[in-house]
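Hi,

Here is the structure I said I would pass on to you. Have a look at it first, and then read on for what I found in it.

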Amino acid sequence: MEEVIKEIVKNGITAPSGDNCQPWRFRIAGNTLFVYNIPERDDSLYSSGQRTSYIAHGALLENMLITAQTLGYSAKTLLFPDSLEKTLVACVTFETSKSSEHPLYRALSARISNRKPYLKTSLNKDERGGLLGISDMSGKANFMIIEDQNNIKKLAKLASTNERILFENKELHSFFFNHINWSKQEDDKKSIGFYIKTLELPPPARLIFKMIEYRNVLQLLNWFGFSKMIALANSQIYSSASAFGIITIDKDTPEGFIFAGRLMERVWLTATAMGLSMQPLAGILLLMNRIRDGNARSLSDKHVKLITATHRDIEDIWGTDGKILTIMFRIGK
């Protein structure tokens, strides 16, 4: 049983996490897997109350449940089963069941975050139906899409505000660059972080990126408007999408963010299975959590106002009526 659970975990940890920080550890006892959060793995400004990590744990659980079904096991999941063990996120018990390959199983190894420009084509009937047919079985998370090109352009510009803040804020800049692996050898050696090439930067931009790792260089470039130029360039890339999607929850709870992560991964895997690409664009939504918590540490008053106004504009476009916006993304070919 232990080897089966290890195989399930192996597929589970292909789940996305902020800057690939992989904020989890595991303990196996018989046919039960205990899943723990590692808070220090993601202590960035984005992860107020560990919400970003809980989204990642939701995606992890979704991957594991898909794998378990395919390998012939049912899984019973309890979230936060021990109030005294704050880092224990889930307890998953596996039982032998009829083997049936999950329709999303083969998408697990193919799912990536595609940051390239997409084709400006509309979703076809099957793609739209496949995405809108996804439901959160818990009833605690909701998913919707926008296909109107005017709203896509607006959302792309609003989402790119995150990059402006990232390159102006010392703490965000430091966390981001600390998670870049600059060579394939370094990336293969580490279990966390991401390879620079996954940012899809052309060679000249990659050279500049290496320079702006140094804060003093970046501050000089920002004096000439570098952060705003990066945001503008990214907004143009983000606007090349067939649709934008968003996942909301009714209550701001750790369980809610885990359900949001599960639903996000289900959407992502479904898009992958249909040959569509996806890229999360959630920075502003995550930073807004910190402002709501009254813990806007290291965020200037200027950035607090910018984040609050940007978030309000995003809410207005989606018309979410007070729901919690957990993660936004673009979808396309």
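Before we start, one term: two residues are in contact when they have heavy atoms within 4.5 Å. Also keep in mind that this is a predicted model.

You'll find Ser240 in the loop between α10 (226–238) and β8 (243–249). Which residues is Ser240 in contact with, leaving aside its neighbours within four places in sequence? They are Pro117, Tyr118, Lys120 and Arg330. Is Ser240 buried or exposed? Its relative accessible area is 5%, and anything under 20% counts as buried, so Ser240 is buried. A polar atom of the Ser240 side chain lies 2.9 Å from the backbone nitrogen of Tyr118, and the side chain reaches the backbone oxygen of Ile237 at 2.5 Å.

Another serine to click on is Ser277. This residue sits in strand β9 (residues 277–280). Ser277 counts as buried because its relative accessibility is 16%, and the cut-off for buried is under 20%. Not counting residues up to four places away in sequence, Ser277 touches Asn114, Tyr118, Arg330, Ile331 and Gly332. With Asn114 there is a polar contact, side chain to side chain, at 3.2 Å.

Now for the helices, starting with α1 (residues 2–12). Which residues of α1 are buried? They are Ile5, Ile8, Val9, Asn11 and Gly12. These residues cover an arc of only 160° around the axis, so they lie on the same side of α1.

At 2% relative accessibility, Ala56 counts as buried. Ala56 touches Ala15, Pro16, Ser17, Pro23 and Trp24, again not counting residues up to four places away in sequence. Try the distance tool on Ala56 and Gly18 too: they are 38 residues apart in sequence, but their C-alpha atoms are 7.6 Å apart in space.

Next, turn to helix α5 (residues 161–168). How many of the 8 residues of α5 are buried? The count is 7, so α5 is largely enclosed by the rest of the structure. The buried ones are Thr161, Asn162, Glu163, Arg164, Ile165, Leu166 and Phe167. Helix α5 packs with helix α12 (residues 283–292) at an angle of about 60°, with the two axes 8 Å apart. That angle makes α5 oblique to α12. Where they meet, Thr161, Asn162 and Ile165 come from α5, and Gly283, Ile284 and Leu287 come from α12. Sorted by type, the residues of this contact are 3 nonpolar, 3 polar and no charged.

For a contrast, go to Asp316 in helix α13 (residues 301–318). Asp316 counts as exposed because its relative accessibility is 56%, and the cut-off for exposed is over 50%. The C-alpha atoms of Asp316 and Arg106 are separated by 37 Å, and the two residues are 210 residues apart along the chain.

Most residues other than glycine have a negative phi. Asn20, in the loop between α1 and β1, has a positive phi near 50°. Asn20 counts as partly exposed, at 25% relative accessibility. Asp321 also has a positive phi near 50°. You'll find Asp321 in the loop between α13 and β10 (324–332). With a relative accessible area of 76%, Asp321 is exposed.

Happy exploring!

Definitions and conventions: Residues numbered from 1 in each chain as written. Predicted model: local features only at pLDDT ≥ 70, side-chain atom pairs only at ≥ 80, totals over all residues. Heavy atoms only, no water. Buried < 20%, exposed > 50% of the residue type's maximum accessible area, 1.4 Å probe, protein only. Helix = DSSP H or I, 4+ residues; strand = E, 2+ residues; numbered from the N terminus. Arc of directions from axis to C-beta. Polar contact = N/O pair within 3.5 Å; in protein donor to acceptor, adjacent residues only side chain to side chain. Axes fitted to C-alpha atoms, helices over the stretch in contact; angles between N-to-C directions. Parallel < 35°, antiparallel > 145°, perpendicular 65-115°, else oblique. Nonpolar A, V, L, I, M, F, W, Y, C, P; charged D, E, K, R; others polar.
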